[in-house]
Amino acid sequence: MKLDIIPVKWSDDGVLMLDQRLLPTEEVWLTLKTYDEVAAGIKDMVVRGAPAIGVSAAYGIALGAKNFVGTTVADLEDELEYISGVLAKTRPTAVNLFWAIDRMNRTFQKAKAEGKTVSEIKEILKVDAIAIHDEDIESQRLIAQYGGELLADGDTVLTHCNAGALATGGVWGTALGVIRGAVDQGKSISVIADETRPYLQGARLTAWELMEDDIPVTLITDNMSGHIMKKGGVHAVVVGSDRIAANGDVANKIGTYMVAVLAKRHGIPFYVAAPLSTVDLNTPTGDEIPIEERDRTEVTHVKNIQLAPEGVGITNYAFDVTPNDLVTAIITEKGVARAPYTESLKAQFKS
Ligand code: MRU
């Protein structure tokens, strides 16, 4: 790989975020000095992608603790509860957000039970947030290794949205990790990237990331994938996920379900790559996954250019759910899970 893309970092000055709203034309790093700046960064999609959102939330809590000026552990606990609530309201679908908040709160409770002081707890929370980040990168490396083995030399892989280094703790990515893993294994892989309306993560981010890595990528509009599959131009589909229910139903960027149906129609394997922090065993099926709805202007406008008539009715679902029977396999850091997912995913948590 030419360079390691790491979209969010801890620093002594605050949390650093690569402003993904400006890519690919500008590479601007923001320094966020308070937890509510971090929460706004998640909500406004400075950072996006489920694992990257989780890492950012952990850093937000560590930053909130660092800035705490009180003196008692009880007051710090109240402050962390408040901060967790603010962060939890940013984006509802990506379960990594809630996973990271829970883990940081469990770390606090353990430190409190051990009688640690306020300054010791601040340090413990910072160390755990960095550990969450490091573990995420390690999970993506393993996903890349396991997933890469599923692809063959010469394959053309279609992906939707951006499930790359930008969407995670960095370096590999989930879906793009699988592609990078195959390339690392010496295979020649080319990628078809759906542009991914309305927010254009495919056009803006996936195309940029893969070009940075010299992996051949062809950008298409979302409505071209059926035609290309029918002509035999796609050997596998690989996507990421924002939340995987216990039964293997997969929430991912809006449009993923259409791609999965098309893949089934054309006998093309449909793979989902995600760390276990994206698997939510407490959500039994995809029907219970909350689906974020975003601002109407994402549909009516591109940047500041108006595309649709003033006042037209708009629906803007950010995610959809692909039923588990359309999913060929789910690749996590523990290996390759196949149907029935209720058993195979649960087993991965125990392995
Ligand atoms: O709205 P976004 O850009 O946060 O949505 C991101 C996606 O849907 C990704 O495909 C998913 O999070 C997987 S990220 C590794």
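**Domains**

Begin by colouring residues 8-141 as domain 1 and residues 150-350 as domain 2, the two parts into which the protein is divided; these bounds come from an automatic or database domain assignment. This is a predicted model, in which local features need pLDDT of at least 70 and side-chain atom pairs count only at pLDDT 80 or more, while totals for chains, interfaces and linings use all residues. Residues are numbered from 1 along each chain as its sequence is written, and side-chain values use heavy atoms, with hydrogens and water left out.

The C-alpha centres of the two domains are 25 Å apart. Across the boundary, 29 residues of domain 1 are in contact with 32 residues of domain 2, contact meaning heavy atoms within 4.5 Å.

Next, select strand 1 (8-11) and strand 3 (29-32), the edge strands, each of which pairs on one side only. They belong to an open sheet of three strands with the order 1-2-3 and antiparallel pairing. Helices (H or I, at least four residues) and strands (E, at least two) are DSSP runs, numbered from the N terminus, and two strands pair if DSSP finds at least two bridges between them. From one strand to the next, the twist averages 25 degrees.

Val 8 has Met 17 in strand 2 as its bridge partner. Now show helix 2 (residues 50-66), which packs on the sheet and touches strand 1, strand 2 and strand 3; its direction makes about 20 degrees with that of strand 1. Axes here are lines fitted to C-alpha atoms, for helices over the stretch in contact, and angles run from 0 to 180 degrees between N-to-C directions.

**The nonpolar cores**

Display the side chains of Val 15, Val 38, Leu 76, Leu 80, Leu 87 and Met 104, which touch the most other members of the largest nonpolar core, a set of 40 residues. Such a core consists of buried Ala, Val, Leu, Ile, Met, Phe, Trp, Tyr and Cys residues joined through side-chain atoms within 4.5 Å. Buried means under 20% relative accessible area, exposed over 50%, and partly exposed in between (1.4 Å probe, protein chains only). Helix 2 gives the most to this core, with 11 residues.

Which residues does Val 38 touch, not counting those up to four places away in sequence? They are Val 15, Met 17, Leu 32, Ser 56, Gly 60, Leu 63 and Leu 87.

**A parallel pair and a buried helix**

Move to strand 5 (residues 190-194) and strand 6 (residues 217-220), which run parallel and are joined by four bridges. The chain passes between them through helix 7 (residues 201-212) in a right-handed β-α-β crossover: with the strands pointing away from the viewer, the path from the first strand over the helix to the second runs clockwise. In the loop between helix 7 and strand 6, select Asp 214, which is exposed at 58% relative accessible area.

Then select helix 6 (residues 175-184), where eight of the 10 residues are buried. Just after helix 6, Gly 186 takes a positive phi of about 90 degrees.

**Final stop**

Finish at His 266, in the loop between helix 9 (256-265) and strand 10 (270-273). His 266 is partly exposed, at 25% relative accessibility. Leaving aside neighbours within four places in sequence, His 266 contacts Gly 226, Met 229 and Lys 230.
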